[in-house]
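Thanks, everyone; I would like to walk through a few local features of one model this morning. Please have the sequence and the structure open as I go.

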Amino acid sequence: MTVNTHPLRIVLPGGSGQDGQVLARHFQQRGHHVTVLTRAPYTAEWQTVHWDGEHEGSWAEALEGADVCINLAGRSVNCRYHAANRRAIYDSRIGTTRLLGQVFDTLADPPRVWLNASTATIYRHALDREMDEATGELGGNELIGTTRRAPDTWNFSIGIAKDWEATFFNAYTPRTRKVAMRSAITLSPIRGNAFTLLSNLVRMGLGGTQGNGHQFVSWIHESDFARAVEFLIEHEELEGPINIAAPNPLPNREFMAALRDAWERPNGLPEPAFLIELAAFFLRTESELVLKSRRVVPTRLLSAGFQFDFPTWPEAAEDLVRLWRERN
């Protein structure tokens, strides 16, 4: 473990989204110098630098001599997986990771740590047991019923995750420690994200069980997400794939019930799978985001000594609702 006694220079390619803003704010408030590489620079407490995510350019100067690179670039998966969107999702992840690897090879003083976004979706649909870094089974065409195999959209997401990590770890960076962050969904009390969507359903009386409710939900509170990333930077012994998720995933039925309790809404209409499929079509998104069972646990973080502030969902939900009310 390395204790940082001086401000770090931290660069976040693709850091203009929810997770990027959570991390940028976290590190900026702790006195570090943060630079976000973004296609559309914006006004913020931290520095922003334009890049297109496709070509080498002057933005690479931000990485020269930096301490940490945290790559979060990737088009949102909250869309329908038609051909054009599939290409954009793929290129915005694999292409930007490959580009950063090429740039790292040209730097005289590259960052000593490169954390690259990945996803807990890389694991198979899991109802039977937990998935950790050592024993978890990667997904792909697995059975999700007696005879039914995972649909093409699920296989697409898993294929993206596998190629993403392969591109990352194949990049030649002998002076840089690398961590693939297999993150569960980060829940944050800001507008326009997953927590907002789920909360709106609950407040409208529609926040009941989704599908059959047996599918597990892996999640992480925004505070623990930022703290976990900071922990990974500080602990030099940690490299390779790391699950970033609260240690207690729970079935959707219990997840939604706890969220209703946090909002003080005792009842919520259930949403059968066929209605979720129909709603996903009209909302231009994919039902996988709700119906796939993600039962991911952060064994490597826990073994290294990381302590979650919000290890269980009921307490996390109460805190997120409290923060939502304060901010909105």
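Predicted model: local features only at pLDDT ≥ 70, side-chain atom pairs only at ≥ 80, totals over all residues.

Let me begin with Asn141, which is found in the loop between S5 and helix H3 (152-170), where helices (H or I, at least four residues) and strands (E, at least two) are DSSP runs numbered from the N terminus. Residues are numbered from 1 along each chain as its sequence is written, and side-chain values use heavy atoms, with hydrogens and water left out.

Asn141 has a phi near 60 degrees, a positive value in a residue other than glycine. Most residues other than glycine have a negative phi. With a relative accessible area of 41%, Asn141 is partly exposed, given that buried means under 20%, exposed over 50% and partly exposed in between, using a 1.4 Å probe and protein chains only.

Glu264, in the loop between H6 and helix H7 (273-282), also has a positive phi, near 60 degrees, but at 61% relative accessibility Glu264 counts as exposed.

That brings me to H6 itself. How do H6 and H10 cross? The axes of helix H6 (residues 252-262) and helix H10 (residues 313-327) come within 9 Å and cross at roughly 40 degrees, the axes being lines fitted to C-alpha atoms over the stretch in contact, with angles running from 0 to 180 degrees between N-to-C directions. The two helices are therefore oblique to each other, since angles under 35 degrees count as roughly parallel, over 145 as roughly antiparallel, 65 to 115 as roughly perpendicular and the rest as oblique. On the H6 side, Phe255, Ala258, Leu259 and Ala262 meet residues of H10, among them Trp313, Val321 and Arg325, where contact means heavy atoms within 4.5 Å.

Leu198 is found in helix H4 (residues 194-203) and is buried, with a relative accessible area of 16%. Its C-alpha atom is separated by 8.4 Å from that of Met256, 58 residues apart along the chain.

Finally, strand S4 (residues 68-71) has Val68 and Ile70 pointing one way and Cys69 and Asn71 the other, and all are buried.
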